[in-house]
Amino acid sequence: MLARGSIKGGRAEGSSNQRPGKPSDQYQEGSREQRCGDRMSGNHTQAFSLALIDAAFDKDEGVRQEIAQALRVLGARHPQLVLTACHDYLSKHSKLVQVHRVIVLHSMEAIAKDSLDRLEQPLARKLISLASDEMTRSKDVQAEWQAAASQLLVALGCRFINEVMEDVLQKFQPGVLPHLYIVHTLGNLSTANVYGMVPFLTAILGTMLPMLAMAKQDSMKSVFTIALAHFSESILEYLANLDKAPDPTVRKDAFSAEIFASYDILFNGWLQHKDPKLRSSVVEAVGQMSHLMPHDKLEEQLPRMIPGILNLYRKHSDHLHITQSLCHVLDAAVEMGSRVLETQIDNLLNTLHPQICTTLDYNNHTAVKNHNEVLRCFTVLACAYTDRLVAFLLQKLEVHNEKVRIGTLTLLKHLVNSTATQLDSKRLLLLTGMKLTIQDNNNYKVRQMLAQVISAMAHHDYLELEGGEAMVEFIIRQCALPCHPENPKPRTYDPEEVTEEGLRDMCDNILNLLTTTVKRMQEVLWPFLLEFVMPVQYLNALAPVCRSLAYLGTKRQQAGSTEVLLDYVGRDLPTPHALLTRLLVLSSFPYRGRGRGVPALRLLQAMSALIHPQLGRVWDDELPPLIQHLEENSEETLAQRQWEDKLLLLLSRSLETVTACDEGWSCQLSEEMSRHLHHYNSFPQEKGFLYKCAGVVLRQIPNSDVVRKQLMELLQSVRHPEILEREGIAVCVGFCATTHLDDTLSKLQDFGKSDILKKSPSLFHILKDKSDVELEKAKSTVILCYGYLTLHAPEDQILARVEKDVVKHVLAHFNTKVRNRQLTIPHLPPVTPRTPNQPAHCGTVTLPSPPRFPTPPKEFHQDISLGSCLIPPHPVSMHLSREGIPPGASVWDRALSQLTQCSVKDEDRVRSAAFTVFGNLSRVGDGESKADFLEQVHSSMVSLLLHLNDTSHQVVKSCKFALRLIGPLMGSANISAMFQKHLLEEAQLHYGEFINDLAKHIINDFPEKINFYIMGNVSFFRSTRAEIRGNAAMFTGFLLGNLLQAELQSVSLEHVCGAIIMLLRDAVPAVRIKAAEALSLLHEL
């Protein structure tokens, strides 16, 4: 298959010798032979159309679809020719099987829709006559056939309405029950071409009204009912767009009498029928017709109409048509200001509300549509009966039932969004009802729905009113739900289960959206959100809360706001010192609490002026690098001790800046930190860091009295069994000693003499004193403090006092159990953890240069075996060795002759080997024998390209390999570049796109070889492999489709196109599909 015979002079050796376009014997069947012979003598498009029409009734669905698509593509370019061909085909073959006719009619409809503006009137009349005849030829209902013809009429009627109506109305005569599909067509035409059909509807309704009494069969009643619904719909659309209508004088009362008379028959007669389909179509029509009924008649009918429609809910499982009809009736009644409707409100609410409360299956599209229609009914009612509806909803919110509450909240959310104007005066009342609901619910599903309602209210300015802050607090409480990543709760089998995580994430998003997208919410959230920064119960919510506050604070900074927090009277807001303390501690373990570190630092930067006016410049320099450091790391990669050092350094520099002009501020900060220690009793790591912060602050305070007082409070607050607290207070003492050595030593000595370090006697020394362990831990704390004091104290001050003021007191706290231990100052330099992902040293590997192949002589010795091209020995090389080389031929002819024999084998590995050998031969094809080799390359190129889409992955890889090697030798930079880029060994190849692009390059770079390649593909139409036949058809289509008209002169079009057409009769569906697709590419011939 490298070349099914070499191609000489534009003709493929081994191709069919029969006359071009003449089917071979194996494809002949009855009269098709004559049709195939005739069709090539005329226009190519007509011939392709007839071939496709002829093959349209294929037993394979995929082929039928591809043929229909091919007809549509040809028809889009040549609608007159293709539609004429379809018309003539159906007209000449009156006994064609019905399914075949349906396929052709559907194709005609698609072409007519695509090219309606280009159709000429004479052809349109012929098509209308054909479609009308097809539709009414059989008096019996044959739905598929008649519907296809009707759809063609409707498509043509979108432009040629007068011509269609002229034909159809001849078959719609007074006093005679028309063909069912005549009525069906009129109904569909009215919605497809509103402006064209409405002028006909007065006469049509007048003729149809007496026919309603004549209809006895359910099918006829249904088609009349559906048509009336379509007529009403089109009239309403016409009246709603009179500015675009051809006759703006049309009024609703022109149709009211006939519509009401029809309604009377439908509602009072046919609605009581047993057939559920008929009842559904009747109720749907009644809804549309209600808008056109005289107001007095509608008012008169409402007491019967609404209960009649509501009663259908019990008779039908599918409620969509009922609800749509009811919505139309309610809309019509409200629009005309009905007084009678108020008497039906309770019945309506009690019937519709349970449908909202039913669990909705979102995979059931009909149920979802019905749900939306029920919501629309409530929207209509809210426009006229707001008080009744709000009272009803608030009453339902008090019901302790999950489904009732979720349904009511769903409805409330919809009304808040859809009836903002009507509910404006009820906002405070609704907030009050919501406040009671959020205080009385632990159900996560209900909470989720509450959060969605609150979000809707926020977008419509509800939360600015009294009670709005309670709604915000509810959202933040959900943001604070606990995280259990290590011990997740087991999932239930409830598909609508709402988890803590899901609810928390949703409320995070709601808070973010309210902050960033609802402008008026900024006044609600600022400074209210600051009230949630300090309380421990909101710890898990601090990431989203800080993020929102940082955004709001930055916006206020940009707007030049200089408000001071303490001026907000009546609010429980944190002081500047408390806020700084809280945010520093939160940042110490920045990835906890869903990554609260970055938001906390951003909030610090946004609040700098409010914490202290001098901090703005310092923090603008210091905080962005810290934030970037966190964003570039993760919990696994962050060096914790180094991070804490960065934060302590930030605090130190901040204190230096502030203390220079405000000494009292540091004292207040120290007191605040002391007060906050007990908040972290459940968080020993954070508490340990807070001790370190307190030490940094004490180091900056110049007032010794304050230092001594604060240091003693800090020492007394330690829980000595907690090792992290012991370490934290020890570091604190060390920091304090750097500037206050005497005061620190004094307070440590006082603390050592306090009751905390004294042992209370036990009862007769029989029971071990329970405080022994705590006493030992307290002594360990003191010893650790002396160690850090010695480490951090100024060297010139501590050395002379170590023995007297340090060692003496340390030894005093050792008991007999530990005296024998070696006394060591407990400090080791921090070990910088080795960072993961350290780059490994990569060695440099020098690859040897590829061997250079010598230029072969023009003729190799006869005994040379091509087996040497394959290492290790390959089946192909073995075959070549066995066969020998015919004498008298060039080396390339002899080599390719043998390779061709291998490439047509059915075995994948043999074909793969043949292509591999051919690729390897290219290594010696660039010498004196290059001309011979290139000739063989072009001869074999078609085969290689067709096998790129082989069913064998092994063969495809070999073809890619060969083409990559051959490409540089072809003399086409474009083709070579395509091969190197797209034919990588394991890359996915989009074969059709690749061949289409390649065909363009072949045409541009090798114009003299165009016919050569086309005929080469045609020779593969008789390949034994189906995929190769299909690939050849597509390659041919791409080549012909990209040729200019002048270039086509060198191609035997009749022969080539005839061969493609014959592939429509191939035994394999995939080949027939490719043949149809190839014909669709030839629309320019």
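Colleague: Does D346 count as buried, partly exposed or exposed, and what is its relative accessibility?

Modeller: Keep in mind that this is a predicted model. Buried means under 20% relative accessible area, and exposed means over 50%. D346 falls between those limits, so it counts as partly exposed, at 46% relative accessibility.

Colleague: Which residue forms a salt bridge with D346?

Modeller: Look for a side-chain nitrogen of Lys or Arg within 4 Å of a carboxyl oxygen. Here the closest N and O atoms are 3.0 Å apart. The partner of D346 is R388.

Colleague: Which helices hold D346 and R388, and how many residues apart in sequence are the parts they tie together?

Modeller: D346 lies in helix α16, residues 345–357. R388 lies in helix α18, residues 386–397. The pair therefore ties together parts whose separation in sequence is 42 residues.

Colleague: Is R388 buried, partly exposed or exposed?

Modeller: Its relative accessible area is 31%. The limits are 20% and 50%. So R388 is partly exposed.

Colleague: Helix α16 also holds H353. Is H353 buried or exposed?

Modeller: H353 has a relative accessible area of 4%. Buried means under 20%. So H353 is buried.

Colleague: Which residues does H353 touch, leaving out those up to four places away in sequence?

Modeller: Contact means heavy atoms within 4.5 Å. Residues up to four places away are not counted. That gives F378, F392, K396, V404, T408 and L411.

Colleague: Now D508 and R594. How far is N from O in their salt bridge?

Modeller: Here the side chains of D508 and R594 meet. The pair links distant parts of the chain, 86 residues apart: D508 is in helix α23 and R594 is in helix α27. From N to O, the distance is 2.1 Å.

Colleague: Which residues are linked with R911 in a network of salt bridges?

Modeller: R911 is in helix α42, while D950 is in the loop between α43 and α44. Both R911 and D950 are buried. The network links R911 with D908, D950, R1025 and E1027.

Colleague: How many salt bridges does the structure hold?

Modeller: D346 with R388 is one of them. The structure holds 44.

Colleague: How many disulfides does the structure hold?

Modeller: A disulfide needs two cysteine sulfur atoms within 2.5 Å. Take C785: the nearest cysteine sulfur, that of C732, is 8.2 Å away, and C785 is in no disulfide. For the structure, the count is zero.

Colleague: Is C785 buried or exposed?

Modeller: The relative accessibility of C785 is 1%. Under 20% means buried. So C785 counts as buried.

Colleague: Where is V104, and which residues is V104 in contact with beyond four places in sequence?

Modeller: V104 sits in helix α5, residues 98–114. V104 is buried, because its relative accessible area is 1%. Its contacts, leaving aside neighbours within four places, are I53, C86 and L90.

Colleague: Which residues form a nonpolar patch with F57 on the surface?

Modeller: F57 lies in the loop between α2 and α3. At 41% relative accessibility, F57 counts as partly exposed. Together the patch has about 240 Å² of accessible area.

Colleague: What covers the buried residues of α9?

Modeller: Helix α9 has 13 residues and reaches 19 Å, close to the expected 18 Å. Its buried residues include L180, Y181 and I182. The cover includes α6, α7, α8, α10 and α11.

Colleague: What percentage of the residues in the protein is buried?

Modeller: The protein has 50 helices and two strands. There are 1085 residues in the protein. The buried share is 52%.

Methods. Residues numbered from 1 in each chain as written. Predicted model: local features only at pLDDT ≥ 70, side-chain atom pairs only at ≥ 80, totals over all residues. Heavy atoms only, no water. Buried < 20%, exposed > 50% of the residue type's maximum accessible area, 1.4 Å probe, protein only. Patch = residues over 30% accessible without salt bridge, like charges linked within 9 Å, V, L, I, M, F, W, Y side chains within 5 Å. Areas by Shrake-Rupley, 256 points an atom, 1.4 Å probe, with all protein chains shown as cover. Expected span 1.5 Å × (residues − 1).
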